[in-house]
Amino acid sequence: MTDIQALLAKVPTGLLIDGEWVAATSGETYTVENPATRETIAELQSAGSEDAMRALDAACAAQKSWAATPARERSEILRRAFELVQERKEEFATLMTLEMGKPLAEARGEVAYGGEFLRWFAEEAVRIGGRFGTSPETGFPMITRRKPVGPCLLITPWNFPLAMATRKVAPAVAAGCTMVLKSARLTPLTAQYFAQTMLDAGLPAGVLNVVSGTSASAISNPLMADPRLRKVSFTGSTPVGQKLLEAAAGQVLRTSMELGGNAPFIVFEDADIDKAVKGAMGAKMRNIGEACTAANRFLVHSSVAAEFAEKFAAAIGELKLGNGLDDGVTCGPLVEEAAVENVSALVDDAVSRGARVLVGGRRGPDTGHFYEPTVLVDVPREARVFKEEIFGPVAPIFTFETEEEALELANDTEFGLASYVFTEEPARMYRVSDGLEFGLMGFNSGVISNAAAPFGGVKHSGMGREGGFEGIEEYTSLQYIGVEQP
Ligand code: NAD
C-alpha cells in the first residue's frame with residue numbers, strides 16, 4: 001500500500017521552467033481535489049501569461065542544441081524514462097486514482113499503456129529517415145530529410161493524465177523538439193511527477209517546461225501568438241480545439257488535434273453475444289466512460305437486442321461503485337460535479353423521451369462525484385445521448401434492422417474517432433470498415449489503444465495521428481534538397 005502523504009510530498013508543486021521548479025510570478029496557487037472524497041489533496045503554483053512566456057523562452061533557448069543532440073542520446077533518455085515509470089508504477093497509479101478517480105487496477109493499466117509511448121518512441125527516435133531519389137528529367141539527386149518542427153505547445157486533458165502526456169512528450173523528445181506542456185487543471189499531479197521523471201532520466205534543462213494553472217487561455221494565447229512557437233498539439237474537447245485552430249492560423253502553426261468522439265458500437269445478428277458483452281464492458285466502462293473512445297451509442301440488431309441488453313445490464317449491475325483506492329471497486333467517481341450534472345441531464349432527457357432504465361439511472365453517494373453505471377433501452381434517436389458525448393458510465397441501446405441502417409446510424413454524427421463492430425463474419429468486417437467514417441475501428445474488440453497504432457480521428461474528432469510510425473511525423477517537417485549535377 002502506497003503511503004499517500006509521502007507520495008504527495010514527492011510531487012513538485014511549482015512550474016517547471018528551464019530545468020527548475022519555480023514559483024508563479026503572481027504567487028497565485030490552485031488546489032486539486034480527490035473526486036471520490038471531495039477532499040483537497042494538493043496546492044500548486046498557478047501559471048499566468050508571464051510564466052508561459054518564460055517557459056517558451058526556455059524552450060526556444062534549448063531548441064538548437066536539443067535538435068543537434070544525437071538521436072541515440074534522445075532515445076536513451078526515453079528508454080530510461082520508460083524504466084523509471086515502471087519502477088514508479090504504483091506511485092503513478094495511485095496519483096491518477098487520487099486526482100482523477102479511476103479504480104487503481106485501471107490506473108495501473110494506464111501506467112502500462114502510457115509508459116509504452118516512451119519505449120515505442122525510444123525505438124523510433126533512431127529511425128527518423130529521409131528519402132533519396134533521382135529527378136526523372138535530369139537524373140540529378142533528390143534528397144528529403146526530416147527535421148524537428150521546433151518548440152511545441154502540448155495541451156492535455158484530465159481523463160488520461162499520464163498517457164496523454166507521454167503520447168505527446170515522447171514523440172517530441174524523439175524528434176528533437178522542445179516543449180511547453182500545459183496539463184489539465186483538474187489532474188496536474190501526474191504530469192508534474194512525470195516531468196520530474198523525465199528530468200531524472202536525464203532530459204536537459206529547457207527541453208520540457210510545464211506550466212499549468214487556473215486559466216488555460218492565459219497560458220496558451222500569448223504562446224500561440226508568438227512566432228517562435230511552431231506547433232500546437234491538443235487533446236481535449238472539440239469546441240476548445242476549434243478555438244485553438246483559429247488561433248493557430250495567426251502564426252500558421254502545425255497542429256495535431258485529438259478531439260471529442262461519439263463512438264458507435266455495432267452488434268450484428270451473427271455476433272457472438274457473450275464476446276460482444278465483454279467488448280461492451282471495455283468500450284463503455286474503461287475509465288468510467290470518460291474516454292474519447294468510449295462507446296457512446298450501442299447499435300444492436302433487433303433480433304439480438306433483448307439478449308444483449310439483458311446480459312450487458314447484468315454485467316453492469318455487478319460493478320462496484322466507490323473510491324478507486326478501495327479493494328474491489330470497479331467503477332470510480334466522475335471527475336467533478338459538473339460531469340455528474342451533465343450525465344444526469346442526459347439520462348433524464350432520454351427517459352423523458354421514452355427510454356427505459358434497465359440498471360442504474362441515478363446519482364451515487366454524495367460523498368464524491370458518483371453516478372451509477374447505467375443501461376438504457378428503447379432509446380429514441382431524438383434523445384441527446386445519440387448526438388452528444390456522454391463521458392460517463394451510461395450505455396444507451398438503439399436497434400436497427402439492416403447493415404445499411406446500422407451504417408447510416410453510426411455515421412450520423414459530426415464526430416469520427418472510434419467505432420466498434422461485432423460480427424463473426426470477416427467479410428462483413430471489411431465491408432463495414434469501408435462504410436464507417438471513423439479513424440479507428442475495433443473488430444470484435446472493445447479496447448484498441450496501443451502505442452504502436454496510429455490513433456486519431458476524422459471530421460470533428462480532429463486531425464493528425466498519435467502513436468505508431470505516424471506519431472513522430474507530427475513533430476518533424478520535411479526538407480527537400482535538389483542537388484546540382486557536378
Ligand atoms: P477540454 O477541452 O475542456 O480541456 C482540455 C485541455 O484544454 C485542458 O488542459 C484545458 O485546461 C485546456 N483548455 C481549455 N480551454 C482552453 C483554451 N481556451 N485554450 C487553451 N487550452 C484550453 O477537455 P477535457 O474536459 O479536459 O477533456 C475531455 C474531452 O477531451 C472530451 O471531449 C474527450 O473526447 C476529449 N479527448 C480526446 C482524446 C483524443 O485522443 N481524441 C483523448 C482524451 C480526451
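Author: Let's start with a term: a polar contact is a pair of N or O atoms within 3.5 Å; within protein, one must be able to donate a hydrogen and the other to accept it, and residues adjacent in sequence count only if both atoms are side-chain atoms. This is a predicted model, where local features need pLDDT of at least 70, side-chain atom pairs count only at pLDDT 80 or more, and totals for chains, interfaces and linings use all residues. Residues are numbered from 1 along each chain as its sequence is written, and side-chain values use heavy atoms, with hydrogens and water left out.

Reader: Which polar side-chain atom lies 2.6 Å from an oxygen atom of the ligand?

Author: That atom belongs to serine 237. In the side chain of glutamate 389, an N or O atom is 2.5 Å from a ligand oxygen, while for threonine 156 a backbone N or O atom lies 2.7 Å from one. Of the ligand's own 840 Å² of accessible area (Shrake-Rupley method, 1.4 Å probe), the protein covers 86%.

Reader: Happy to move on to sulfur. How many disulfides does a search of the whole structure find?

Author: A disulfide is a pair of cysteine sulfur atoms within 2.5 Å, and the search finds zero. Cysteine 152 is in none, and its nearest cysteine sulfur, on cysteine 177, is 4.1 Å away.

Reader: Is cysteine 152 buried or exposed?

Author: Buried means under 20% relative accessible area, exposed over 50%, partly exposed in between (1.4 Å probe, protein chains only). Cysteine 152 has 1%, so it is buried. Cysteine 292, at 15%, counts as buried too.
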